[in-house]
Amino acid sequence: MDIILWRHAEAEEGFPDLARKLTAKGEQQAAKMAAWLKQHMPENTRILVSPAQRTQQTARALELEFTTLDELAPGSSPQVLLDAAGWPLGKDSVLIIGHQPTLGMAAAYAMTRRLQYWSVKKGAIWWISNRRRGEEEQTVLRAMLTPELI
């Protein structure tokens with residue numbers, strides 16, 4: 001299984017939190033990452049998105065269908081996020097567009113089986129795979145990119 005965790009691009013400050021929109025820089029970040037993802041992610045990747053305006057805008061940069069899940073809103077738990085993806089036993093590839101600190105905690109748990117506060121920069125992706133080799137389960141970091149690296 002592949003899980004790709006994508007933090008929303010740079011957003012304006014302010015309230016209400018769910019209504020915050022991407023800045024001009026954020027729109028550029030989302031476009032860069034979307035172009036990279038469209039070239040590299042598996043064709044039938046399921047895309048799951050937080051209901052926040054900034055994650056919806058980030059997702060729209062892909063120009064692909066996606067599903068909005070209220071349980072991915074800011075403040076959700078890393079376990080809820082991983083369960084929504086079907087990690088680690090699912091067969092599909094799943095892209096989740098969400099928020100910190102949940103994404104960093106989910107990445108840490110997926111890779112180490114320990115909850116830790118890892119930082120995921122705005123607009124960045126963490127692509128993690130889970131596979132079996134014989135009797136051994138392996139977790140592999142396939143990619144970690146920020147918009148500045150593209």
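I searched the whole structure and found 2 aromatic pairs; rings of Phe, Tyr and Trp (its six-membered ring) pair if their centres lie within 6.5 Å, and planes under 30 degrees apart count as stacked, over 60 as edge-to-face and the rest as tilted. W36 and W127 form an edge-to-face pair, with 6.2 Å centre to centre and 90° between the planes. This pair links distant parts of the chain, 91 residues apart: W36 lies in helix 1 (residues 24-40) and W127 in strand 5 (residues 125-133). Helices (H or I, at least four residues) and strands (E, at least two) are DSSP runs, numbered from the N terminus.

I then looked up burial (buried is under 20% relative accessible area, exposed over 50%, partly exposed in between; 1.4 Å probe, protein chains only). W36 is buried at 16%, and W127 is buried at 3%.

W118 and W126 form a tilted pair, 5.7 Å centre to centre with 35° between the planes. W118 is partly exposed at 24%, whereas W126 is buried at 13%.

Next I turned to the nonpolar cores (buried Ala, Val, Leu, Ile, Met, Phe, Trp, Tyr and Cys residues joined through side-chain atoms within 4.5 Å). The largest has 21 residues, and I3, L5, L81 and I96 have the most contacts inside it. Another core, of 17 residues, lies apart from it and includes W36 and L145.

The model is predicted: local features need pLDDT of at least 70, side-chain atom pairs count only at pLDDT 80 or more, and totals for chains, interfaces and linings use all residues. Residues are numbered from 1 along each chain as its sequence is written, and side-chain values use heavy atoms, with hydrogens and water left out.
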